Amino acid sequence: MRRSYSEGVRDATTLPAIWLLSDARNDAVLEEALARLPRGSGFIYRHYHLDGPERLARFLALRRTARARGHLVMLADSALTAREWGADGMYGSPRALWPRRAGLLYLATAHDLAEIGVANRLGADAVLISPVFATRSHPGAPSLGPARFRLLAARAQVPVIALGGMDGEGARRLGWRRWAAIDGLS
């Protein structure tokens, strides 16, 4: 069942709790990972390593798998491409998400207070704050840790999704219901 987000998600209860992000390193197991996610979870298709027709073909295959499980499907690309490809919305840095297009959900990434402020001002539907914990995506990069994550999350005026080194255990340790992962769900 496809959801409509023409007015944007402003109610935290309507946003999925668990989000799987795609990446070159989890591509081979994405169908299996999507099938294991709880029904109605979220899927963020990035696949920056693929170009043009190959990226679209992979998106369409994964979108079909995700939709069969009732998952929300987001695209890391422009609003125009998200609409053309049939995504439920788009994912990216706060400034890259605009101008808004009716009917799309907007998930903004944030790593600091300034990016959260931009996401708030530009009306993101949710913000993914990262990296909460150490992550393979950015080896050796400093992580926020639980205390700094919570301080940043308190400044968001929209639902917050924890990202970076997250898995079920990390979400329990953090005490955060809404989280996203690449490796932690693959």
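What you see here is a predicted model.

I'll start with the whole chain. Its C-alpha trace spans about 40 × 35 × 30 Å along the principal axes. For 186 residues, a compact globule would have a radius of gyration near 16 Å, and the chain has 15 Å, so the two agree. Of the 186 residues, 52% are buried. If we take contacts between residues at least 6 apart in sequence, 54% of them join residues at least 24 apart.

Next, the elements. The chain has six helices and eight strands. Reading from the N terminus, the order is β-α-β-α-β-α-β-β-α-β-α-β-α-β.

Now to strand β3, residues 72-75. Which way do its side chains point? L72 and M74 point one way, V73 and L75 the other way, and all of them are buried. In a regular strand, side chains alternate between the two faces of the sheet.

β3 has a partner in strand β2, residues 42-45: the two run parallel and are joined by four bridges. Opposite M74 of β3 stands I44. The path from β2 goes through helix α2, residues 52-68, and together with β3 these form a right-handed β-α-β unit.

β3 also pairs with strand β4, residues 89-92, again in the parallel sense, over two bridges. Which residue of β4 is the bridge partner of M74? That is G89. Here too there is a right-handed β-α-β unit, made of β3, helix α3 (residues 79-85) and β4.

Terms used:
Residues numbered from 1 in each chain as written. Predicted model: local features only at pLDDT ≥ 70, side-chain atom pairs only at ≥ 80, totals over all residues. Heavy atoms only, no water. Buried < 20%, exposed > 50% of the residue type's maximum accessible area, 1.4 Å probe, protein only. Pairing = 2+ DSSP bridges. Right-handed = clockwise from strand over helix to strand, strands pointing away. Rg over C-alpha atoms; globule rule 2.2 N^0.38 Å. Contact = heavy atoms within 4.5 Å.
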